[in-house]
Amino acid sequence: MPPVTSIPGVLRRAAAVLAALALATGGLTAATLPAHAADAADAAALALPAESTVRVNQLGYLPDGPKRATVVSSAAGPLPWQLRNASGAVVASGSTAVRGADRASGQSVHLADFSTYTGTGSGFTLTAGDRTSHPFGISAALYDGLRADSMSFFYQQRSGIPIDAALAGSAYTRPAGHLGVAPNKGDTSVPCQAGVCDYRLDVRGGWYDAGDHGKYVVNGGISVWEVVNSYERARRSGGEAALGDSTLRLPERGNGVPDVLDEARWELEFLLRMQVPEGRPLAGMAFHKMHDDKWTAVPTRPELDDAQRELHRPSTAATLNLAAAAAQCARVYAPHDAAFAARCLDASRRAFAAAKANPNLLAPASDNVGGGAYDDAGGVSDEFYWAAAELFATTGEAQYREAVTSSPQHSGPADGFWWGGTATLGRITLATVPGVALPADDLARLRSALTTAADGHLSTMAGQGYAVPLPATGYGWGSNSAVANNAMVLAVAYELTGQQRYRAGALESLDYLLGRNALDLSYVTGYGERHAQNQHHRFWAHQNDASLPHPPAGSFAGGPNAGLEDPVAKEKLSGCAPAACYVDDIGSYSTNEVAINWNASLAWLTAFAAERRSDPATPAVQVAPAVTVPEGGTAQVGVRLSDAPAQNVTVTVARSSGDQDLTVTAGATLVFTPANWASAQQVSVSAAQDSDAAAGSATFTVGGTGVREAVFTATESDDDTAPPTASCAVDYRVENSWGNGFTATVTVKNTGTSAVSGWTLAWNFAGDQQIGNAWNAAVSQSGTGVTAKDLGWNGTLAPGGSVSFGFQATYSGANSAPARYTLNGASCS
C-alpha cells in the first residue's frame, strides 16, 4: 500500500469559506459552483504539521466570543503568552493560569485567555513560553464555511440519487446507489427478513446512516429532528435567512424552500416509506431498519453493493421516532408545502396510535448482522414523551397534552440525549416552540430543567483543562456527538435566558472539537491544520484504496472512546487517557466512524455559532402555529417575543383571512416591555355557533411596529352533524399562477353507480382567494364560501363520467387548495 497522503486544512478551509460566501450572496449557481475544496487539497498531498503543545481552536474564534487556549506544560508557575497577527506583530499578551493535572487528558496544563482582544483577521498565532500554536483566524464569518460543509455531508450520504460533481466535487461524484441497477438488489422493492412480512416495500432514498450502507429509523429520527430544529431555532432568532434557499450545494437549490429543509426532506421521505401500510399487520408501525443481509467490505461503493437488502421487524422505538419527526415536519414545513405537512401529520398520528397499541415491541440486541442492532434495552418511555411533545406542540390537542403531562419523563431532569435517549428533545420542543399550551408552572419547570443542565455542563467545563462539557468518565462511543449535544443544551439555555455564559460554553465546546484537545487535532475533516481524514467509511476510503477520496470537508469523527471497541483501537491505544483514546485510522470504527446523528449535532451547533450578533435583534413575535377552537367556545393562544425590545411595543392580533365565524374576543392588543417580553400573554379566539357542518378555519396576523410579525391558524372543531357522503371525487388544479392571481380547473367525477342529474359543487377557501370570472359553470362567492352550479347542458353526470369548469381569481399570502367539497349538499372527496 502506498503511504497515506494528507489534506492540508488551510487550502480546504479557505476554499470552503469562499464557496459558502458566494452561495450566501447568490453569486454562484449549481452549474457554476467550483470544484469542492477537497479536489485541490487532495492534489497538494501535504503532510500534517507537527503537534503543538499550545492547543487552540485551529479554525479560530469569533470577535465577540471567548478566546482561550490550553498549554501543555508541567511548569509550576505562570508562563508568558503573546498573541501575534499574521505579520508577526504582538497584539495582546499576558500570563497563563496554572491548571495542573487534567484527569481526562492525563496531561498537566495551563490556560491562556485572550478574550479581551476583539480584532479580526487571519494567520494569528499564540505563543506560550517557547512554543507556538497553529495559525487561526478571528472573524464574524468564521463558521460560515463549516455551516455549509457540515450540511453538505448529508447530500453526499444520500441513497438513491447520483452525486453531482458540480455540487460535491469531482472526487465525490458517483452514480445513485441502491435503486435496483445491477449489481444492486435495490431499495425499490425490499423484502422482509424471514417471518417478518410477506410483502415488499419501496424504501428508496434517505441517508446512509454511517460508514455502512444501512438506513435506520431510530437514528434517522434524531438526525432529521436536529437538522429541522436548527432551522426552527434560527427562525425564532431571526437568523433563518442563512439557512434559506440557495445557501447549500444541493440539487434542489433555487426552489423557494430553505435548503436545510430540502435536505431534511430527503430523509423524511424515507422515514415515511418505512411505515407499515394500511391493511397490513401492525399497520402504522415503522420497520426498525433496512440494510444488507451481511456486512459488506471496506471499501464498497454504494452502486457496487451486491448484497440482498432486508426490512427488519417493526419496533415501538422506530415508530415513535417516525411519529416525533413527522409531527415536527408538519409544524415546520406547513408554510412551505402544506400538502407535505399534512402528509407528515397523518403519518405521525397513525404512528403514535400504533405505538400505543404495541408499546413493547422492542428491537433485539442480537439483530446485528449486516448492520447495527440499535436496540433500546432502557425502554421507550423517552420516545413516547418525545413523540407526544412534538404532536402536542404541533396540534395543541388534549390527547397529546395528556400523554405529555402523564409521562414520568415530564418531571425528570434534562438528561443527555442521543438516539437511545430522546426525552430531552421533547423538553426542548416544549420549552422553545411558541405558544405551547402547558400551564405556566410546567413551562417554567421545563425551562429550569434545561438551564440547570446547562449550568451542570458549565461546571464540568470549569473543572477541566480543555473545557469540555463531558466528564472524564464520559468518553464512550461517539463522545464527540455527546459534546455537541451538550453544547446544544447550552445554546438552548442561551435562547431561553439571553445569558452570555451559555453562549460562551457552546462556543468553547466547538474549540474542543476543532483542535483544543488532548491530541491537538480537529475532529472535522478539512478544518484546522491538523484534522481527521481517515474516518471509517465504505466509499470515502482513501486509506484502503488510493483511487477513492478521503471524507469530504465537514465530516465529523466519532471521537475518543475509552472502551477500545475495535481491533485497531485495541492495538494502538492501549493505556490511553480517556480523552486521548482516538486514532485516525479507517479500521477504528469505535473511535473514527462518521454518522448522520453526529454530523447533525455539528451542523446545528455551527449554525448557531455562525449567526451574526453584532446588531441588536429585532424581536420576533412567537406564537403557536395552530389552534383548535370548539364551535360555540373559546381557545387560548399564548403570545411572547423572542428578545427584549428596546422600549415598550404594542402588538395587535387580527384575522387576515378565512372564516369570519372565528374572531379574537380578548387580547387583541398586547403590550410587551423590556421586562416582560418573555412572559406569554393570552389571546382568546372564539368560534361562533352555526348550523353548518364545515370546520372553518382562519389565519390571524400578530404584529406591530418594532417587531417581526407572525401568523397562526385557528380551526373550528365543528359540533354539527356531518352531511351525507356522495359518490364523487374532485380534482382541483391550479393551471397558472402569478404575483397575485391564478387560474384553476375543477373536475368533478361521478364515482357512483347512478347518474347525477343537476349538480352544485361547494367549498370554502382557506385563504383570501376571490374569484373574478368563471367558465363552464355558474360560480358565486360569499366570503370564503364558493358555489358552482351546472349550466344545464353539462348538468348530467353519468356513472364514471366527469365535468370540468374553470375560474380566474386573485389572492395574497398562501394559495392552498380547498380541504373539502360538497356535491348537492353531500361530502365529496
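Biologist: Helices are DSSP runs of H or I with at least four residues, strands are runs of E with at least two, and both are numbered from the N terminus. Where is the place of Glu593, then?
Modeller: In the loop between helix 16 and helix 17 (596–610). This is a predicted model: local features need pLDDT of at least 70, side-chain atom pairs count only at pLDDT 80 or more, and totals for chains, interfaces and linings use all residues. Residues are numbered from 1 along each chain as its sequence is written, and side-chain values use heavy atoms, without hydrogens and water.

Biologist: Is Glu593 buried or exposed?
Modeller: Buried, because its relative accessible area is 12%. The cut-offs are under 20% for buried, over 50% for exposed and partly exposed in between, with a 1.4 Å probe and protein chains only.

Biologist: Which backbone nitrogen does the Glu593 side chain reach?
Modeller: That of Gly211, at 3.0 Å.

Biologist: What does UniProt place at Glu593?
Modeller: The feature "active site", from an unreviewed entry, at Asp584 and Glu593. Such annotations may be inferred rather than shown by experiment.

Biologist: And where does Asp584 lie?
Modeller: In the loop between helix 15 (567–572) and helix 16 (589–592). Asp584 counts as partly exposed because its relative accessibility is 21%. Its side chain reaches the backbone nitrogen of Gln533 at 3.0 Å.

Biologist: New topic. How many residues has the largest nonpolar core?
Modeller: It has 159, with Phe352 and Leu430 among those with the most contacts inside it. Helix 7 (residues 316–333) gives the largest share, 13 residues. A core joins buried Ala, Val, Leu, Ile, Met, Phe, Trp, Tyr and Cys residues through side-chain atoms within 4.5 Å.

Conventions. A polar contact is a pair of N or O atoms within 3.5 Å; within protein, one must be able to donate a hydrogen and the other to accept it, and residues adjacent in sequence count only if both atoms are side-chain atoms.
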